[in-house]
There are 2 protein chains.
Amino acid sequence: MSVSSREERILGIIETARAKRPRFKDAAITMAHGAGGKATQTLIEGLLAPAFGMTEFDDAAAAGDVLVTTDSFVVKPLRFPGGSIGELAVNGTVNDLAVAGARPLAITVAMILEEGLDAGVLRAEVEAIAQAAREAQVEVVAGDTKVVERGHADGMYLTTTGVGRPDPRARLGALRPGDRILLSGGIGEHGTAIMLARGEFELEAAVESDTRSLWPTVDALLDAAGPALRAMRDATRGGVASVLNELARAHRVAMVVRERSVPVDPVVAGAAEILGIDPMYVANEGKLVAFVGPEKADEALAAMRAIDERAAEIGEVKTEPQGMVLVETSFGGRRVMDQLVGDPLPRIC
Amino acid sequence: MSVSSREERILGIIETARAKRPRFKDAAITMAHGAGGKATQTLIEGLLAPAFGMTEFDDAAAAGDVLVTTDSFVVKPLRFPGGSIGELAVNGTVNDLAVAGARPLAITVAMILEEGLDAGVLRAEVEAIAQAAREAQVEVVAGDTKVVERGHADGMYLTTTGVGRPDPRARLGALRPGDRILLSGGIGEHGTAIMLARGEFELEAAVESDTRSLWPTVDALLDAAGPALRAMRDATRGGVASVLNELARAHRVAMVVRERSVPVDPVVAGAAEILGIDPMYVANEGKLVAFVGPEKADEALAAMRAIDERAAEIGEVKTEPQGMVLVETSFGGRRVMDQLVGDPLPRIC
């Protein structure tokens, strides 16, 4: 099948889908509703957003003069190579602010603790939160603790909310055909590290979570690209593929990604192959995707490379097929990189 | 034993305790750490606050130009007479802002859902959140959903974070001897309603949770008392007794409460007696304690009574015994109303 007839078929599907708002029709919650893919989107767009009068269930939203964002963390195990739930809870929330163009100022921390939780484990996570907050230069300003009976949680669940100040350099807006797609470093490390840490697979590979604050990268991008910086997303649950699909749909554009340009550590690639997962769908906790107008793409990439030399330009925004992400394979073919279905990697954040 | 010799003994205990900062020495988390009493305070003051560089683990704190506050909700059952977890999650957070003197503007909602949760149950809580937010005039601006495996949560746990704007009329500050202690209505209704809803007791009593937004009461108090309004607290976990103890310690004052002035619905009083609990320790979700200078106490009480006719002046701030709350019983005696120990009413919010 030629590329064009394939794209025509895709366009037909898209035309049909475009008019429909997803409806939440499931009878019960499944793990897939938490995976960041199609089921999560249906839950959000079909139930939560309309009930709360939002156009989308935003990652970060204005409240008064600040931006706020919130995330719960239910990762298991609580500690894994390269990080822990406490560090993740700080960086994940800081990063949602950063990619919305807001300088992170403060976070709140709400803990749901399991009765019987070892005090040493709690102390370690409290210290991890404090340390990550210092590194990200945010203050922990308020908190809450609740306790549930033994067996009704897994050690601890954390929810952090971040408050940030919109950066005046940020002029984020609509994606335009021709915008370049930049990636801040190698993908799939966090999700791979978690899966290996669980010991469910007979794999001995040294992969560490990439959890970190993305504010320094955002700060550098804002300096380098200014108003040519159209949008940013941290590629967490559902990975880079989910971010691209979400934005293609929201901005009614297409995207073409060059597979060979996407930086993947060979160890991550090997682990993903054995696990049967495309690394593009594996979670990151310290990588962002940036969309930059072509006139500033080189400067933006140079700024990102000064922080992580594996940063790369991986593709381009196109007009058609609207709402779709296409991958150019290393062999010159094209395939659709669809939304994630199901939850291949549960509880990774 | 005469009142004076008793107070002397109390003063001796207090002198010893005053110098000590509580230390968190427990080997593991117990239900008491979530009850809002002594164990919670030790966890907060002994571990969390020092790690996060706070003087206390604040209910609401400044971040930029706004106040933020966060709370997790793990109440069971999810629905109970007079309310549900969704309604509680909105009002509880709105009330933390209100008593800090901030007009609630916006909230975020993070949901941890249990795999297998019935979609109808979820829909009902989403609607409860939306309805409570409309009534409290706050916008739901951002959110998150995570899913944990069946059995790793009880249907849903919610965490809400509120953003509010400090009200210019609020001049909250230190309590002073002579300040009057006002209560906005009858106590113990929420905790009693939850306990009865669990069906653990052979009691048929019609008690509804008092969950509601306290902003209208705060608004009226700010108008009536202005700078004479020293402090407010919503009397949730641990009830009125915990609020008074916390403030007596924090402000290094004493408090005397007239037991006969405290409004308690006879049904609540009866249930509490059968459950073996002093209603002063039972949770409320729509009642606040206000401390008002004597020159404005009558106006403040009148303003509160216009909203709930059971509002009452229940006592006064004193100098000694510092950090202590004393109750004048209906028979003219005095006893210490101590901090809550253990968790007589688990998972009520």
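The model is predicted: local features need pLDDT of at least 70, side-chain atom pairs count only at pLDDT 80 or more, and totals for chains, interfaces and linings use all residues. Residues are numbered from 1 along each chain as its sequence is written, chains are lettered from A and ligands numbered from 1 in the order in which they are written, and side-chain values use heavy atoms, without hydrogens and water.

**Strand β2 of chain A**
- Strands are DSSP runs of E, at least two residues, numbered from the N terminus.
- Val66(A), Val68(A), Thr70(A) and Ser72(A) point one way; Leu67(A), Thr69(A), Asp71(A) and Phe73(A) point the other.

**Strand pairing** (at least two DSSP bridges)
- β1(A), residues 61-63, runs antiparallel to β2(A), with 3 bridges.
- Ala61(A) stands opposite Val68(A).
- The hairpin has 2 residues between its strands, and Gly64(A) takes a positive phi near 65°.
- β7(A), residues 156-166, pairs with β2(A) in the antiparallel sense over 7 bridges.
- Leu67(A) faces Gly164(A) there.

**Interface of chains A and B**
- 73 residues of chain B contact 73 residues of chain A (heavy atoms within 4.5 Å).
- The two chains share 10 salt bridges (a side-chain nitrogen of Lys or Arg within 4 Å of a carboxyl oxygen of Asp or Glu).
- Asp71(B) and Lys146(A) form a salt bridge, at 3.8 Å from N to O.

Notes
Buried means under 20% relative accessible area, exposed over 50%, partly exposed in between (1.4 Å probe, protein chains only). Helices (H or I, at least four residues) and strands (E, at least two) are DSSP runs, numbered from the N terminus.
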